[in-house]
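Keep the 3D view open while you read.

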Amino acid sequence: MRAGRASRRLPAEIARLTDRLLDFVVLAFAAWTVVYHLFLVLDLGAVAAAAAGAAAAVPSAWLAFRDASDALSDPGPEPARAVRPWPWRRVLAVLAVYTVAAAGVAAIFASDRLGWWTVWSLLAATAAVALALAAARATGRIALDPVEETGPPRRLEGWAETVVVLAWAVALATLSLFLVRPAADDTYYGRQASWIAEHGELPLRDVLFSDEVFQAIIYPPVSSIEALVGTAGHLTGLAVPDLLFFLLTPLASALSVLAMLRVLRRWAVPLVGLSLSVALLFLLMTAQGSRTFGNLFIGRIWEGKIVFI
């Protein structure tokens, strides 16, 4: 009896652990992004940034896994607490601040003469307001639409759904290793990471046509994933193409399956395994351009923007 009960609980425990793994990845990468921007401006180099990023991963892991043991015991949903919603005037004021900050960020890309502190301040302000809005929406302080409460995320009820999810994660990770999807953007992304790996520095200016002589082609260089790959290459001695195509690509492909699983469970979608399979097949069939499986999916998932899509 106990063995049967434990076998039924294991799929739910796997789902909770994958949720916490995703939390850790997102938190650790967010912390690295902050570290990258600070060390880029302060010109402290990739090695120092790596040390700071590793230190930031510790509290990220604590935040992600701190209640894992309690969660696995399934204490049930917490009792609802009364939350006083924000008045509409405050909501409109916050939205106005966000709009102004977002407009300022958009204007940055029309000018290459702004100082980095101006750029960073606008980006940070926009992100902070977006986080405030998301937190207020999640806690019920802002109700933008009459969405019914769906309750706690749906569990993986049996081994069949669990096997389907894990099989998709392994299959996509493997398939991503054999896809060839040429992209002109990779000339910049790959070169950016390779330059960091070779020099151990975080460039603020152009490294495609010069060694930081010209203004950067993409300014400000806000993307931090290339810096992470380049820093890893500098520390390990591994070639950047190997890190991009044989490590980041299958890892991101597998994590994308877990992320989609989490969305379906959060929405309480029935037949999770079937719904996940249909969604993934749809994404794989987006083969415009070079006619490669998953054009905006695993076909080019080594690019940071595709990871977030």
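Which residues in helix 2 meet which ones in helix 8?

1. Start with that pair, bearing in mind that this is a predicted model. From helix 2 come Ala46, Val47 and Ala50, and they meet Thr231, His234 and Leu235 in helix 8. Sorted by class, the contact of helix 2 with helix 8 has four nonpolar and two polar residues, and no charged ones.

2. Now the geometry of that pair. Helix 2 covers residues 46-65 and helix 8 covers residues 225-236; their axes come within 10 Å and cross at roughly 105 degrees. Angles of 65 to 115 degrees count as roughly perpendicular, so helix 2 and helix 8 are roughly perpendicular to each other.

3. Next, have a look at helix 6 (residues 159-176) and helix 10 (residues 272-284). Their axes come within 9 Å, with a crossing angle of roughly 20 degrees. The crossing of helix 6 past helix 10 is left-handed.

4. Who makes that contact? On the helix 6 side you'll find Glu161, Val164, Val165, Trp168, Leu172 and Leu175, while helix 10 brings Val272, Gly273, Leu276, Ser277, Leu280, Leu281 and Leu284. By class, the contact of helix 6 with helix 10 divides into 10 nonpolar residues, two polar and one charged.

5. Is Arg265 buried or exposed? Its relative accessible area is 5%, so Arg265 is buried. Arg265 and Ala15 are 250 residues apart in sequence, yet their C-alpha atoms are 9.3 Å apart in space.

Key:
Residues are numbered from 1 along each chain as its sequence is written. This is a predicted model: local features need pLDDT of at least 70, side-chain atom pairs count only at pLDDT 80 or more; totals for chains, interfaces and linings use all residues. Side-chain values use heavy atoms; hydrogens and water are left out. Buried means under 20% relative accessible area, exposed over 50%, partly exposed in between (1.4 Å probe, protein chains only). Axes are lines fitted to C-alpha atoms, for helices over the stretch in contact, and angles run from 0 to 180 degrees between N-to-C directions. Helices (H or I, at least four residues) and strands (E, at least two) are DSSP runs, numbered from the N terminus. Angles under 35 degrees count as roughly parallel, over 145 as roughly antiparallel, 65 to 115 as roughly perpendicular and the rest as oblique. Contact means heavy atoms within 4.5 Å. Ala, Val, Leu, Ile, Met, Phe, Trp, Tyr, Cys and Pro count as nonpolar, Asp, Glu, Lys and Arg as charged, and the others, Gly among them, as polar. A crossing is left-handed if the near helix is turned anticlockwise from the far one by less than a right angle, and right-handed if clockwise.
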